[in-house]
Amino acid sequence: MATTVSFTIESTHGPRPVSVTYERIGSGEPLLLLHGIGHHHQAWDPVLRILATERDVIAVDLPGFGASPALPDGVPYTLESVTPVLGAFCAELGLDRPHVAGNSLGGLLALEMGRAGLARSVTALSPAGFWTEHERRYAFATLRAMRRGALSLPLTMIERMSRSAAGRAALTSTIYARPGKRSPEAVVAETLALREATGFHQTLAVGRDGGFTDDVPGLPVTVAWGSRDRLLLRRQGIRAKHRIPRARLVRLPGCGHVPMNDDPALVARVVLDTSR
């Protein structure tokens, strides 16, 4: 069951209240899970219970996505702002440098948390920020098209499409290599999450300014890329390896951009191996 916690952060405009919704399950060392842009914490559902056999798992709705409210006025959606928000969230829950795993935008944030000393290990699944300018433009245009599609479809049409494998593919094949595996209920929920994401445009706007350019020294890092990622092409993993030389680079055969749905057992093994 999802829970919401509220806390205060410091900004250039003084203290600001932030609320974050999350689901927590399992026991062991803490493991924070971060989703991608336009998604919600349920993206991790296929692997949640596997991970919870060994870890205290906290799956987060990032601010402005899922059930988490938007960031307050005066707090931008930059890495420099969102990373301390996640650090404050961890402090509020009493999490001392959790293991962090993230996908896409969440992967970039996980790496930034590692660089900032807020994580004890990092697993980044198809992380954003290792693109060329052409690749970034392609990814952003694709995301905007997905958002427009979600906004244009009435709920009754989304529900009807989700009942067939072909309809689920039409709605989600950009991010899943095996969209037919996703349940109709999950497809409806994530399409609505994309439509209602209050942080979507602000996140894309600040994403134009650059990517991840630093190393993440002093802790285990795995970068994993789906062989069938259609949004952030897998050659970007090679760039990630060059920028983070000590990182382990893992190929996820047959997986798309959000690999947790395509091969839950493989993704769970990669995350747990890194956190061990």
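Start with the second largest pocket. Helices α4 (133-152), α6 (165-172) and α7 (184-196) each supply at least two residues of its lining. Helices here are DSSP runs (H or I, at least four residues), numbered from the N terminus.

Two notes on the source. This is a predicted model, where local features need pLDDT of at least 70, side-chain atom pairs count only at pLDDT 80 or more, and totals for chains, interfaces and linings use all residues. Residues are numbered from 1 along each chain as its sequence is written, and side-chain values use heavy atoms, with hydrogens and water left out.

Back to the pocket. Its volume is about 400 Å³. A pocket is an open set of points on a 1 Å grid over the protein atoms alone, where a 1.4 Å probe fits, with protein on both sides within 12 Å along at least five of seven lines; lining residues have an atom within 4 Å of a point. The volume is the space filled by probe spheres set on the points. Of the 25 lining residues, M146, L171, T172, I175 and L194 are the closest to the centre. Which helix gives the largest share of the lining? That is α4, with six residues. By class, the lining has twelve nonpolar, twelve polar and one charged. Nonpolar means Ala, Val, Leu, Ile, Met, Phe, Trp, Tyr, Cys and Pro; charged means Asp, Glu, Lys and Arg; the others, Gly among them, are polar.

Now the packing. α4 and α7 pack at about 105°, axes 8 Å apart. Axes are lines fitted to C-alpha atoms over the stretch in contact, and angles run from 0 to 180 degrees between N-to-C directions. So α4 is roughly perpendicular to α7 (65 to 115 degrees). M146, R147, A150 and L151 of α4 meet T191, L194, R195 and E196 of α7; contact means heavy atoms within 4.5 Å. That contact has four nonpolar, one polar and three charged residues.

Next, α6 and α7. Their axes come within 11 Å and cross at roughly 25°. They are therefore roughly parallel (under 35 degrees). The contact is made by R168, L171 and T172 of α6 and P184, V187, E190 and T191 of α7.

Last pair: α1 (residues 45-52) and α11 (residues 264-275). They pack at about 50°, axes 9 Å apart. The contact includes P46 and V47 of α1 and P264 and A265 of α11. By class, it has ten nonpolar, no polar and no charged residues.

Notes. Angles under 35 degrees count as roughly parallel, over 145 as roughly antiparallel, 65 to 115 as roughly perpendicular and the rest as oblique.
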